[in-house]
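Open the model in your viewer and keep the selection tool at hand. The stops below go from a pocket to a helix and then to a pair of strands.

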Amino acid sequence: YDVAFDTFFTRLAADGITANNTLFVVTSDEGDHFVGGTPTPADCDGVHIPCTYDQIGEISVNLTGLLATQAGITTPFSVHADAAPAIYLDGQPGREDALVHDFARGLAALRADNPYTGVSEPITALLAGEAELRVLHMVTGDPLRTPTLVQFADPNYYGFAATPDCDRACVSLSPGSAWNHGDVAPDINTTWLGLAGPGVRRGGVDGRTWADHTDVRPTVLALTGLHDRYPSDGRVLFETIDDTVLPPAVVDQRALLTALGRDYKRINAPVGELGLSTLAAATQALEGSSHARLLQTDTALDALSARRADVATRMLTRLEAAAFAGQRVDPNEVAALQAEAESLLTDARALMATK
């Protein structure tokens, strides 16, 4: 990869395209989780010493077969196969329907004999129903596209739908794919973004700034002096932009705006603090036996989602006005917005303690 990038940028430079006159943005859509056995030789690193694997590939699981054989669940459903399979129950039962809760509990209880370790283990790490999907920004304007449930599996596993039995093995290795993604796991959710060009601060590797893909667009607009009519979901990464490009008011309030932007991401990013806290609470309620607890949690998630939408909108309005109109922010108002965000996070964490 290093050689390929070097060749690419060297060719561009030969044509007069460099970071002195061109903005470069390079990133990956997500990280990948490697699924494989112990490599040989023991000191291989895949770069200087090649690795050989006797076993390699994601662990594919037939959810239909496992549900029928382990939980006695034969409810018809379809699946968007993935490491985080989206599950659609036939007839679109409501989220509080007992059928949905029973199905979720069956998913949570599924186990598989890991082909790599031989150990029987749960395959479901986290679960989200409609209420939590709304918090995670996974509900669109088309109700037919909203899954009944999303099963965020152990990142070694890949769920699909097949026959409602295990006459053909319900758990098997898929050597053709050794990299899982789309799930909730640190190595998947943590990736990188590279920026270089006019107006970009030369800061080297920054492991402190929390950003996601939605922040790229407004940052590029700010760096290029462009505007469009679409509202942003992300925020300008003030940390990456040189003083000469930013409005004077932003330069003067860079630290204040940066702090506001970081709190905005804590509550609005799907794998930010709010998203991960509520996902844990949603999982606990879905896999539990109390239907009353599930209803209580879903109601709380609805309220958190509405509050988050309100405060996040007000935060983003201030951030955009500063970045694109040069408007100063009121420190007292910023402090109040940050306090609202902290209150949201506190309430989200408290959901885990609700019995």
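Predicted model: local features only at pLDDT ≥ 70, side-chain atom pairs only at ≥ 80, totals over all residues.

Residues are numbered from 1 along each chain, and side-chain values use heavy atoms, without hydrogens and water.

Start at the second largest pocket, with a volume of about 320 Å³. Select A19, F24, L195, A196 and G197, the closest to its centre of the 15 lining residues. By class, the lining has nine nonpolar, four polar and two charged residues.

Next, select helix 3, residues 98-109. Its 12 residues should span 16 Å at 1.5 Å a residue, and the end C-alpha atoms are 17 Å apart, which agrees; the expected span is 1.5 Å times one less than the number of residues. Within helix 3, V100, H101, F103, A104, G106, L107 and A108 are buried (under 20% relative accessible area with a 1.4 Å probe, protein chains only).

Finally, show strand 5 (residues 58-62) and strand 12, which run parallel and are joined by four bridges. Y157 in strand 12 is the bridge partner of I59. Which residues form the covered face of strand 12? They are Y157 and G159, while Y158 and F160 form the uncovered face.

Conventions: Buried < 20%, exposed > 50% of the residue type's maximum accessible area, 1.4 Å probe, protein only. Helix = DSSP H or I, 4+ residues; strand = E, 2+ residues; numbered from the N terminus. Pairing = 2+ DSSP bridges. 1 Å grid on protein atoms, 1.4 Å probe; cavity = no way out; pocket = protein on both sides within 12 Å on 5 of 7 lines; lining within 4 Å. Points joined across faces, edges and corners; volume = space filled by probe spheres on them. Nonpolar A, V, L, I, M, F, W, Y, C, P; charged D, E, K, R; others polar.
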